[in-house]
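Open the model in your viewer and follow along, one selection at a time.

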Amino acid sequence: MSASKSYLERSKLHSNPTAKAFLELMERKKSNLSVAADLTSKHALIELADKVGPYICLLKTHIDVVDDFDQDLVDQLTALAKKHDFMIFEDRKFADIGNTVKLQYSSGVYKIASWSDITNAHTVPGEGIIQGLREVGLPLNRCLLLLAEMSSAGTLAKGDYTTTTVELARKYKDFVVGFIAMQRYEDRDGDDFIYMTPGVGLDQTSDGLGQQWKHPREVIYDRGCDVIIVGRGIYGNGRDAAKEAKRYQEAGWNAYLERIK
Ligand code: BMP
């Protein structure tokens, strides 16, 4: 069962170089924390990335909410990723046919494939979305997560939809390395997927807009997921982001140590 193995042991099971490097990074940095940096100014985003950088394994962006996006933002974020040793995950949630997502991933204003180590996609369009993204991403050593479930109340991503999504991931294991999910699924034939879970908070349980926050221990220990994704719990309400990131890093890591014990 992959949940009881260390991130380092599991890194050896991955053929995708980014997934391998990511699991090694988590172990080296003792962090399974991803910060969801949903900020609308370039300055604020860079400032947050620099503050939380020492505590995270992954910076999750929504690059299209940044009012003053430019190439310099990308250059600065990639420099911070090097400085603090984290990876970047553009939470693009692609959802179109293969040919369109190829263009959206490689081109346009954001050129996501050129800088984002990891991105993600819905499986609503069917298999072609993975094939399209894979054509662009694989030659650049990028990798993909599929949204198998969501954290929001009333999500339609459940049951057969989730099961079929896992089947699709198994078919493209060289590029699809994990899921956005609320729990770990049963391994089959030596599967090792990376499970990333948003909707995590230590102090609040909902935001009044459908978001549902769970405790890091519930996510990592009880539900067997690998990465906690935390946004407003770290930077919201004037919080001291570095202090909160340290707190979440410790909560996530302790739950992981308890799980693999
Ligand atoms: P917060 O911790 O502030 O609620 O932020 C959660 C982040 O995770 C947001 O960036 C959101 O887009 C993302 N997310 C989510 O909340 N639920 C999902 O099911 C999938 C997501 O990507």
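Predicted model: local features only at pLDDT ≥ 70, side-chain atom pairs only at ≥ 80, totals over all residues.

**The ligand.** Select the ligand and show the pockets. The ligand sits in the largest pocket.

Pick Asp-38. One of its polar side-chain atoms lies 2.6 Å from a ligand oxygen atom. Move to His-62, where an N or O atom of the side chain is 2.8 Å from an oxygen atom of the ligand. Then take Asp-91: a polar side-chain atom there also lies 2.8 Å from an oxygen atom of the ligand. Taken alone, the ligand exposes 470 Å², and the protein buries 91% of that.

**Lys-93.** Lys-93 belongs to strand S3, residues 87-94. Check its backbone: phi is near 50°, a positive value in a residue that is not glycine. Most residues other than glycine have a negative phi. Is Lys-93 buried, partly exposed or exposed? Its relative accessibility is 24%, so Lys-93 counts as partly exposed, the class that lies between under 20% for buried and over 50% for exposed.

**Lys-111.** Jump to the loop between helix H5 (98-106) and strand S4 (118-121), and select Lys-111. Its phi is positive as well, about 45°, although Lys-111 is not a glycine. With a relative accessible area of 39%, Lys-111 is partly exposed.

How values were computed. Residues numbered from 1 in each chain as written. Heavy atoms only, no water. Polar contact = N/O pair within 3.5 Å; in protein donor to acceptor, adjacent residues only side chain to side chain. Areas by Shrake-Rupley, 256 points an atom, 1.4 Å probe, with all protein chains shown as cover. 1 Å grid on protein atoms, 1.4 Å probe; cavity = no way out; pocket = protein on both sides within 12 Å on 5 of 7 lines; lining within 4 Å. Sits in = over half its atoms within 2 Å of the grid points. Helix = DSSP H or I, 4+ residues; strand = E, 2+ residues; numbered from the N terminus. Buried < 20%, exposed > 50% of the residue type's maximum accessible area, 1.4 Å probe, protein only.
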